[in-house]
Amino acid sequence: MDNPASRLIEDPRENVDYNFRRAADRLGLDDEMRTLLTMPFRELRVEIPVRLDDGSLRVFVGYRVQHSGVRGPSKGGIRYHPATDLNEIRALAAAMTWKTSLVNIPFGGAKGGIAVDPAQMTTGELQRLTRGYIRRIGLFLGPFRDIPAPDMNTNAQVMTWIFDEYSAQHGYTPACVTGKPVELGGSLGREAATGRGVAFLIETLMKDLGMPLVGARVAVQGFGNVGSFATRFLAEAGAKVVAVADVKGGVLNERGLDVKALLNYARDNRTISGFPGAREISSEEVLTVDCDILIPAALQCVLTKKNADKVRARIVAEGANLPTTPEADEILVRRGVHVLPDILTNAGGVTVSYFEWAQNLQQMFWEEDHVNAEMHKILARAYRQVADMAAKEKIPLREAAYTIAVDRVARAERLRGT
Ligand code: NAD
């Protein structure tokens, strides 16, 4: 039989659209609704001239795609990466719509990015770039319009420049962006939230499967915000982290890496490459090492038909957005690998961003324990719905997650009327 997945190329947009179509088929959505739910609401492409420290002028290209605002203001991170383009941002914006819907928080989906390698920029240049970007897209942002957050290569400092630039134009508006430092209205628990959620969902799935987490072997690709916090929380829960990798390379030790030392090393050296007491591996090799749990926590489309049959993990927990192509997904599912899908697995970040936004609107501050408990509640509820539907319909977790998410947005779209 013709397999629709086999016609696809490694394209993040195809990745998210394929999963959408599968859910739309299951829900019996008509063509008009499919068009409404896949077309982005608004796409911005801006050119940002920046005076570099050496006096020269360079023009960068930035994007902001607002995929959906049907269930609430658009929400999604901002990425700085040399390979960022409109297609990638479109795909990531759509994934945000399905993610916020799945965890049932009152947002739509958006994503932004600038094609830049921030490692080549000074702090001053990055600040001017960020402010220039916000001056160009600021009219389309706002607490009830579109709220950015951190993503790859952006952090609380970048969010502060966004907050400051937006507030300079519109008056003090902390709720215009999330992932801010706690000193400026950020939420306790936000920085660690995505990784904490990843670890929590792995633990929840393993309980369901009757697999012990203590002693389970973990491999992680990407040791930034998501990967490093997920690693830390899993190690604290008793898992054995055997391999980690970042853009510069990876390290492997079958007996288990010293995670505390690894975190310190990463902080001091801005990479885990060269960490002593471990064998060097490549950034890609980490995906196929012998382990129980694999966490892709870097870029999209890293698990493909070329390497999916070499994955030795029993669980793949998607910390990154869109890391698995549909073809790879099918191979993993066929091989009995449990795939925890991105729109569920990494939703802890946007969930705590929602808490940050709500705290800012009310000028209230929550205790960290309260933040974590509320996040766990939301993730546990979403997990239960997904796992129950998957069991009842005998479908993979990803198909169940997209079906629930797409159904919720379709209902909202119908109610609002187009
Ligand atoms: P980050 O910039 O903090 O870290 C990215 C990490 O990936 C770094 O260690 C980098 O060296 C590594 N990396 C980059 N290219 C790589 C490659 N080719 N091979 C191996 N490693 C590579 O970014 P982050 O915020 O941790 O985001 C990681 C992923 O998680 C992205 O897909 C992002 O969209 C997703 N995500 C992030 C959040 C969040 O709250 N930050 C929330 C949900 C999803």
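I began with the bridge partner of Ala245 and found Gly250 in β8. The model is predicted: local features need pLDDT of at least 70, side-chain atom pairs count only at pLDDT 80 or more, and totals for chains, interfaces and linings use all residues. Residues are numbered from 1 along each chain as its sequence is written, and side-chain values use heavy atoms, without hydrogens and water.

Strands pair if DSSP finds at least two bridges between them.

I noted that β7 and β8 are antiparallel over four bridges and that a hairpin of two residues joins β7 to β8. β8 also pairs with β9 (residues 279–281), antiparallel over three bridges; there, Val251 stands opposite Glu280.

I then checked burial (buried: under 20% relative accessible area; exposed: over 50%; partly exposed in between; 1.4 Å probe, protein chains only). In β8, Gly249 and Val251 on one side and Gly250 and Leu252 on the other are all buried.

Next I turned to α8 (residues 259–269), where Val259, Leu262, Tyr265 and Ala266 are buried. They lie on the same side of α8 because their arc around the axis, taken from the directions to the C-beta atoms, is only 115°. Lys260, Arg267 and Asp268, on the other side, are exposed.

Finally, I looked up the helix ends. Asp258 caps the N-terminal end of α8, with a side-chain oxygen 3.3 Å from the backbone nitrogen of Lys260. Arg270 follows α8 with a positive phi, near 55°.

How values were computed. Polar contact = N/O pair within 3.5 Å; in protein donor to acceptor, adjacent residues only side chain to side chain.
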